Amino acid sequence: MQFDLTDEQSLLVSTIRRFVETELIPLEDEVEAAGALDPAKARAIFEKSRTLGFYAMNIPGQYGGGGLSAVDTMLAEEQFGHTTDILVRRAFGNVYESLLEGDAEQKARWLLPCVRGERTCSIAITEPHAGSDAAGIRTSAAKRGGGYVLNGGKHFISDGLHSDFFIVSAVTDPAARPRHVSLFLVDKDLPGVLVGRDQPMMGLAGTSHVELFFEDVKLGPGHLLGGEGRGLEIAYSTLGRVRLGQVGARAIGKASRLATMMTGHANERVQFGKPIGEFQMIQQMIADSVIEINAARLMLLRAAWEIDRGRDARDWISMVKIEAAETLGRVADRAVQVFGGMGYCAALPVERLYRDARIFRIFDGTSEIHRTVVARSALRRGAPMWDIGAA
Ligand SMILES: Cc1cc2nc3c(=O)[nH]c(=O)nc-3n(C[C@H](O)[C@H](O)[C@H](O)COP(=O)(O)OP(=O)(O)OC[C@H]3O[C@@H](n4cnc5c(N)ncnc54)[C@H](O)[C@@H]3O)c2cc1C
């Protein structure tokens, strides 16, 4: 067991950190004020990142991606987490590993253009009446003439205004038990695909979250991703690593940025003739934040290590999703407190980071749903889930 980063990993972390600090963080205020990222600036950060080999790093090298291991992806994702969602999407890409499930033709049509940054994709699973219960969706893909006809709707689809196509979950056999949910590759410009409102959110300025409507959308058999009835299985297996990176690692990155701001302020801000960092109640908030960030990161890297060994890491992923998201929530809350009134004031990024932090406990499976996964597994598997010596 060793915890040192290799020279390559150190270089990966330091170069991405520098890129985030010099190219992305300076754009945050503008995105927040405008509610959007200027397309010319989006193009510029994409070009620079791509030249440095930072785009689509999670996708295997044979498809033109960076081919990073899960551990290295998490190291990169933690650095991405220091800045806002929209800047990360445009600079580093958001290529879903679910697209690796496609056959050669599907990969050529949908995966490869995403890896090259020519097209973008969103994942569309949630519906107004079916969020946590992903099998309870009403969107249907009825078989017709060798293909399918898609009807229904989705909401809260991240980056939907910008995306060129969607990975959509739909019921293919309403009579089957358990429900037959399948995934479809749906181009935005197909007749019958309608993008509805951009639903306003508490944070994540610059990223759209849209409603989608499907009215008799005709899909050929080549639009089905990974086989009929395999939708939830594919989603659970391929979105796991995404969840670990985009939620777990990025939450830790954000918490880490907030801890840096918090300690800097505690050293500088003087009240009653001394830096506030000398007051024990401020120290407790700092100590708890540092302890929790390190605990969450160790768990994150353990989960990634399990993935790199080809093991089923779903329990670890759920544990990390909870631990990292809730650590971020607590750290963001303490950061506001340590900054006092300035923590609540929109002049500093603490206020925005606090709002952006809240969603981490909700999207990609709520804390409650992931706790259910962990508890069920613990009841079934017993001690090997927590006892290091248990077989
Ligand atoms: C900003 C944002 C971005 C999003 N991006 C996407 C996206 O790109 N694609 C996409 O498909 N979806 C997306 N979502 C949807 C997101 O994944 C869902 O909001 C989330 O899964 C929760 O579903 P829900 O909102 O319907 O809440 P509900 O499922 O209605 O849950 C409400 C409450 O009930 C609790 N609950 C539900 N079931 C149980 C249970 N069995 N036991 C205990 N408690 C339970 C939940 O934990 C929660 O506290 C996004 C949402 C937001 C807000």
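Reply: The second largest cavity holds about 50 Å³ of space. Here a cavity is a set of points, on a 1 Å grid over the protein atoms alone, where a 1.4 Å probe fits but cannot get out, and its volume is the space filled by probe spheres set on the points, which are joined across faces, edges and corners. This is a predicted model, where local features need pLDDT of at least 70 and side-chain atom pairs count only at pLDDT 80 or more, while totals for chains, interfaces and linings use all residues. Residues are numbered from 1 along each chain as its sequence is written, and side-chain values use heavy atoms, leaving out hydrogens and water.

Which residues line the second largest cavity? They are Tyr55, Gly93, Asn94, Val95, Cys114, Arg119, Thr120 and Cys121, where lining residues have an atom within 4 Å of a point. By class, this lining has four nonpolar, three polar and one charged residue (Ala, Val, Leu, Ile, Met, Phe, Trp, Tyr, Cys and Pro count as nonpolar, Asp, Glu, Lys and Arg as charged, and the others, Gly among them, as polar).

Of its 19 lining residues, Asn58, Thr73, Glu77, Phe80 and Gly93 are the closest to its centre. That lining divides into nine nonpolar, six polar and four charged residues.

Definitions and conventions: On a 1 Å grid over the protein atoms alone, a cavity is a set of points where a 1.4 Å probe fits but cannot get out, and a pocket is an open set with protein on both sides within 12 Å along at least five of seven lines; lining residues have an atom within 4 Å of a point.
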